[in-house]
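Me: Hi! I have a structure open on my screen and would like to talk through its contacts with you. Shall we go through them one at a time?

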Amino acid sequence: MYYQKSIEQTLNDCQTTKSGLSTQEALSRQEKYGKNELAEKKKESPFLIFLKQFQDLLVIILIIAAIISGLSGQLESTLVIVVVIVINAILGTVQTLKAEKSLESLKKLSIPKVKVLRDGQLCELNSNELTIGDIVQIEAGDVVSGDGRIIESASLQINESALTGEVDSVDKITDTIEQEVIVGDQKNMAFSGSLVTNGTGRYIVTSIGMNTEIGKIASMLNEAKDRKTPLQKSLDDFSGKLSVAIMIICSFVLALNIFLAHESLLDALMIAVALAVAAIPEALSSIVTIVLSMSTQKMVKENAIIKNLNSVESLGCVSVICSDKTGTLTQNKMTPQTIYLNNKLLEIDDLDSHHHDHNVLLKACLLCNNAVINGEQRIGDPTELALIDLVHLHTQNDPEFENTAIRQNELPFDSDRKLMSVSSLNHLYTKGAPDVILQRCTSILINGQKETLTERYKNEILQQNQNYANEGLRVLGFAYKDLDSHDIQLDDENNLTFVGLVSLMDPPRPESADAVAKCKMAGIKPIMITGDHVVTARSIAKKIGIYEDGDLSIDGQQLNQMSDEELDEKLTHISVYARVAPEHKIRIVKAWQKRGDIVAMTGDGVNDAPALKQSDIGVAMGITGTEVSKDAANMILTDDNFSTIVKAVITGRNVYRNIKNSINYLLSGNFAGIICVFVASLLLLPTPFFPVHLLFMNLITDSLPAIAIGMESGRNDVLKEKPRKADDSILNKSTFFQISYEGIVIAICTMCAYLTGLKGDPLTASTMAFATICLARLLHGFNCRSSQPLSKIGFFTNRSSIIAFIIGFALLHFILFVPAMHGLFMIHTISINQLLVIYGFALLPTIIIQAKKMLTK
C-alpha cells in the first residue's frame with residue numbers, strides 16, 4: 001500500500017520523478033493503463049430499446065385494434081396498423097439513441113481540468129488524461145482526480161465525505177504511515193472525487209479509473225434508473241387522467257352502438273377503439289423530450305451547458321438572478337492601474353526593482369501568488385496573473401531579484417482571514433484586503449525605513465483605498481516582516497510592516513449593461529453579490545444598471561445585524577451585497593425563495609457551492625469555476641458571461657412557450673376527432689374514421705407539425721412577459737378554452753365535409769371526413785406556432801413547419817390518388833369537386849382562427 005511507502009519509494013514504484021512524466025511517456029502509459037474514467041453502466045442494446053417502445057399505452061390500444069380488425073376480416077387494415085406500429089417503434093429507438101449521443105457530447109464538454117507537471121512544466125489537462133506517475137498540483141476548490149500519494153502539503157485539507165461519509169476535512173501530511181489503516185486514516189493519500197477545501201499540495205498518481213477507491217465503490221453500485229423531468233411527469237399524469245376519461249367515453253360509445261345502433265360487437269369495438277386512438281395525445285412526452293434535447297444543444301452553442309433537461313424549462317421561471325461580479329459582469333482581465341507606495345501615488349511605469357521599497361512590493365506580488373504562466377498557457381486567478389505580469393515587466397533585467405525571491409512555505413488564502421502569507425529566506429510576505437492588512441500592521445515602510453504606523457498614516461491609506469474603491473478599482477494591500485524560521489503559523493501574521501497598495505481594474509463587460517436591461521424588462525431582479533468592498537461593488541453596479549437611485553447596497557456585517565423580518569422588508573430594494581460569506585449567500589437565496597421567487601445563483605468558488613445547491617438554478621463558471629462549484633450547479637457557462645444567463649432565460653421561456661403551443665396543437669386536433677366520432681355515434685351515423693385513418697393522423701398530422709412547432713425560433717418578446725410561477729399549470733383556463741374552441745371549429749368543418757360525402761355512400765363520407773381533418777390539422781400547425789397572427793410572425797420564419805406540412809400533404813394525396821392504397825387505408829375514390837369541398841372545409845378553420853387572432857391583437 002502506497003501510504004506505507006516513503007515518497008522516494010513511491011516515485012520509484014511509479015517510475016517517475018518530482019518533475020513529472022514526459023509527454024511521450026504519459027502517452028505510452030495512457031495506452032497501457034487506459035483513460036482515467038469510471039466505467040459507465042452497461043447501455044441497453046438498440047434491440048431492447050426497440051422492444052420497450054411497445055410498452056406505451058397507445059401501442060397496446062393499437063395492437064388491440066389490429067387484432068379486432070383482423071377478426072373482422074379487414075386484413076389490409078391489420079397489416080397497415082402493424083407496419084405503422086413498427087415504424088413508430090423504429091423512430092422512437094432512433095430518437096433515444098440520438099438523445100444518448102447528445103448527452104455523451106455534453107459530458108465531454110464538462111470534463112474537469114487538472115494541473116499536471118509534464119516535461120517539468122505545469123500545464124492544464126482534462127482529468128481523463130491523467131495516468132500512473134503523473135505529478136498533480138491541487139489547491140482549494142479543486143476536485144481530486146485519480147488516487148495518489150501526497151508529496152507536498154501547505155496547510156492542505158481535503159474533504160473525503162464522498163468516500164468516507166465523514167463531513168470534516170482531513171489535514172493531509174507527507175510522512176509515511178507505518179501501520180495498516182483504513183482509507184479514512186490514510187492522511188498521506190489523496191483520493192479521487194474528494195474536494196480540496198484548504199491549502200495547496202502535490203501528489204503522485206498511483207491509481208486511475210476503476211482502480212481508485214471510488215472506482216471500487218462504483219463497480220458495486222446497482223444501475224440507477226433514469227428520472228423523468230417534472231414537466232414530463234406532469235404531462236404523463238395529464239395523459240393518464242385523459243386516458244381514463246377517454247376509456248369512460250369509449251365505453252359509453254360502445255354501449256350506444258351495441259344497444260341503440262344494434263351494431264355487431266366487433267364493429268362496435270372498432271368504433272370504440274377508433275375513438276381511443278383519436279383521443280390519446282401519445283406524442284406529448286416524446287415531443288417534450290425532443291424539444292428539450294434540441295434546446296440543450298442550441299444552448300451549448302450559446303456557451304451554456306445544461307446538466308439536466310429539466311433545467312431548460314425551469315429557466316423560464318427565473319425571477320431573480322444573483323450574480324457574482326468578477327468575471328461574470330466584468331471582463332475578468334485584471335490590469336494594474338496605480339501603486340500607493342512610500343505614502344504617495346506612483347504610476348506602474350515608475351516601479352524600479354532596484355529601489356528597496358519597490359523591490360519589497362514586487363517580491364510580495366510574486367511570492368504571495370499561486371498563478372503560473374507557462375508559455376501561452378496562463379493558469380490561475382486573473383488578479384494573481386496580473387501581478388505576475390507586473391513583476392516580470394519590472395524584473396526581467398534584474399537577475400538578483402530572482403535569486404532572492406525564493407518561495408518556501410505558505411499560509412493559503414481563506415475567506416475568513418482574507419489574507420495569504422509566504423515565507424522566503426528571512427522574511428514573511430503577506431497579501432490581502434487593505435483594511436484587514438492594516439489591522440495586522442504596527443509599522444510602515446517609508447524610503448527603506450520602518451516607521452511607526454500612526455493614525456495619520458492609517459487614515460491616509462484608508463482614504464486612498466476608498467478613492468480607489470470609488471473608481472471601481474480592486475485594491476490589494478501588501479505587508480512583510482523579518483522572520484527567522486522557514487515554518488510559519490497563523491500567529492506570524494501580526495506585527496507586520498505595511499508596504500503599499502496595488503489597484504487593479506476589471507472593467508465591466510460591454511454586453512453586461514444590455515443584459516441587465518433585458519433582465520429588468522423581463523421582470524427579473526438582477527442582484528450583485530461579491531466579496532469586494534461595498535463601494536467598489538456599487539460603482540460597477542451603477543455602470544451596468546444593477547444599482548439605481550433608491551436602491552440599497554449592504555455588506556456582510558450589516559446583513560448579519562438584520563433580522564429575517566428586516567431583511568424581508570428591505571429585500572426588494574437591495575441590489576448590491578458586498579463582503580459576503582458563504583452563509584450570507586444561502587440566506588439571500590432563501591429569503592427570495594420564501595417570497596415564492598425562482599432564484600438563479602452564479603458562483604465559481606468552493607464557498608459558492610452551498611448557495612448554488614440551495615438556488616433553483618445554480619450557474620457555475622466554466623473558465624474560473626472550481627470543480628466543486630460545477631458539480632453543485634445545474635448550468636455551466638463556458639464563457640463566464642452574465643449575458644449568457646439572460647440568453648438561457650430567453651431560451652427557457654421560449655422552450656416553455658413552444659411546448660405549450662405543441663400541446664395546444666395536439667389536444668385541439670385530438671379533441672376535434674373525439675367530437676366527430678362522438679357526434680356520429682349519438683346520431684347513429686356510420687363511423688367517420690376507421691382505426692387506420694386515426695393511425696395516419698397520429699403518425700403524420702400529430703407528430704410532424706407538433707415537433708416543428710417545438711422548433712419555432714426563439715423571440716425576444718418573451719422578455720416583455722413576467723416570469724411565470726413554477727407551479728403554474730400548463731393547461732390553465734385560457735389554454736383549455738383555446739383548445740376547446742379550436743377543436744370545435746375543426747370538428748364542425750370536418751362534419752360538414754362528412755355530411756356532404758354521406759349524400760353518396762358511407763365510405764365516401766369517411767374518406768372526405770378523413771381527408772378534411774388531416775388537411776385541417778396540417779394547416780392548424782401554422783396557427784399554433786404563436787398566439788400572434790401569421791401576418792405578424794411571418795409565414796416562412798419556421799422552415800420546419802413548412803416541411804412538416806409538405807410531407808403530410810404529399811402523403812395524404814398519395815393515399816387519396818394511388819388506387820393501391822385505397823384498400824389498405826379504407827379510402828374511396830373521390831372526384832375533383834369532392835376534393836375542392838375538402839380543401840374548402842379544411843382551410844376554413846385556419847381562416848377563422850387567424851381572423852380571431854388579428855381582431856384580438
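Reply: Happy to! A salt bridge here is a side-chain nitrogen of Lys or Arg within 4 Å of a carboxyl oxygen of Asp or Glu. Please keep in mind that this is a predicted model.

Me: With that in hand, how many salt bridges does the structure hold?

Reply: The count follows the cut-off of 4 Å between the side-chain nitrogen and the carboxyl oxygen. On that basis, the number of salt bridges in the structure is 20.

Me: Which residue forms a salt bridge with Arg595?

Reply: Arg595 is in the loop between helix H21 (582-594) and strand E24 (599-603), and its partner sits in helix H20 (residues 564-570), 27 residues apart. Arg595 has a relative accessible area of 38%, so it is partly exposed. With the closest N and O atoms 3.4 Å apart, the partner of Arg595 is Asp568.

Me: And how far apart are the closest N and O atoms of Arg657 and Glu721?

Reply: These two residues form a salt bridge. Arg657 belongs to helix H24 (residues 642-682) and Glu721 to the loop between helix H25 (691-710) and helix H26 (733-757), so this pair links distant parts of the chain, 64 residues apart. Glu721 counts as partly exposed because its relative accessibility is 39%. The closest N and O atoms of the pair are apart by 2.6 Å.

Me: Let's move to strands. How many bridges join strand E22 to E23?

Reply: Strand E23 (residues 574-578) is mostly covered, with five of its five residues buried. On one side of the pairing list, E21 (residues 525-529) runs parallel to E23 with two bridges, and Met528 has Val576 as its bridge partner. Strand E22 (residues 552-555) is also parallel to E23, and there Ile554 is partnered by Tyr577. The number of bridges between E22 and E23 is four.

Me: Which residues make the nonpolar surface patch of about 280 Å²?

Reply: One member, Val86, is found in helix H5 (residues 75-109). Residues in a patch need over 30% relative accessible area, and Val86 has 32%, so it is partly exposed. The patch is made by Val82, Val86, Ile90 and Val94.

Me: How many aromatic pairs does the structure hold?

Reply: Some rings come together in one aromatic cluster, formed by Phe782, Phe795, Phe796, Phe805, Phe809 and Tyr839. For the structure, the number of aromatic pairs is ten.

Me: Which lysine lies over the face of Tyr741?

Reply: A lysine over a ring is found at Tyr2, where Lys5 is 5.1 Å from the ring centre. At Tyr741, the distance from the ring centre is 5.3 Å, and the residue is Lys852.

Me: Last one: what is phi of Asn343 near?

Reply: Asp119, in the loop between strand E1 (113-118) and strand E2 (121-126), has a positive phi near 55° although it is a residue other than glycine. Asn343 lies in the loop between strand E10 (335-341) and strand E11 (344-347), and its relative accessible area of 25% makes it partly exposed. Its phi is positive too, near 65°.

Technical notes. Residues are numbered from 1 along each chain as its sequence is written. This is a predicted model: local features need pLDDT of at least 70, side-chain atom pairs count only at pLDDT 80 or more; totals for chains, interfaces and linings use all residues. Side-chain values use heavy atoms; hydrogens and water are left out. Buried means under 20% relative accessible area, exposed over 50%, partly exposed in between (1.4 Å probe, protein chains only). Two strands pair if DSSP finds at least two bridges between them. Patches are made of residues with over 30% relative accessible area and no salt bridge: like charges are joined within 9 Å, nonpolar side chains (Val, Leu, Ile, Met, Phe, Trp, Tyr) within 5 Å. Accessible areas come from the Shrake-Rupley method with a 1.4 Å probe; for residues, only the protein chains shown count as cover. Rings of Phe, Tyr and Trp (its six-membered ring) pair if their centres lie within 6.5 Å; planes under 30 degrees apart count as stacked, over 60 as edge-to-face and the rest as tilted. A charge sits over a ring if NZ of Lys or CZ of Arg is within 6 Å of the ring centre and within 35 degrees of the ring normal.
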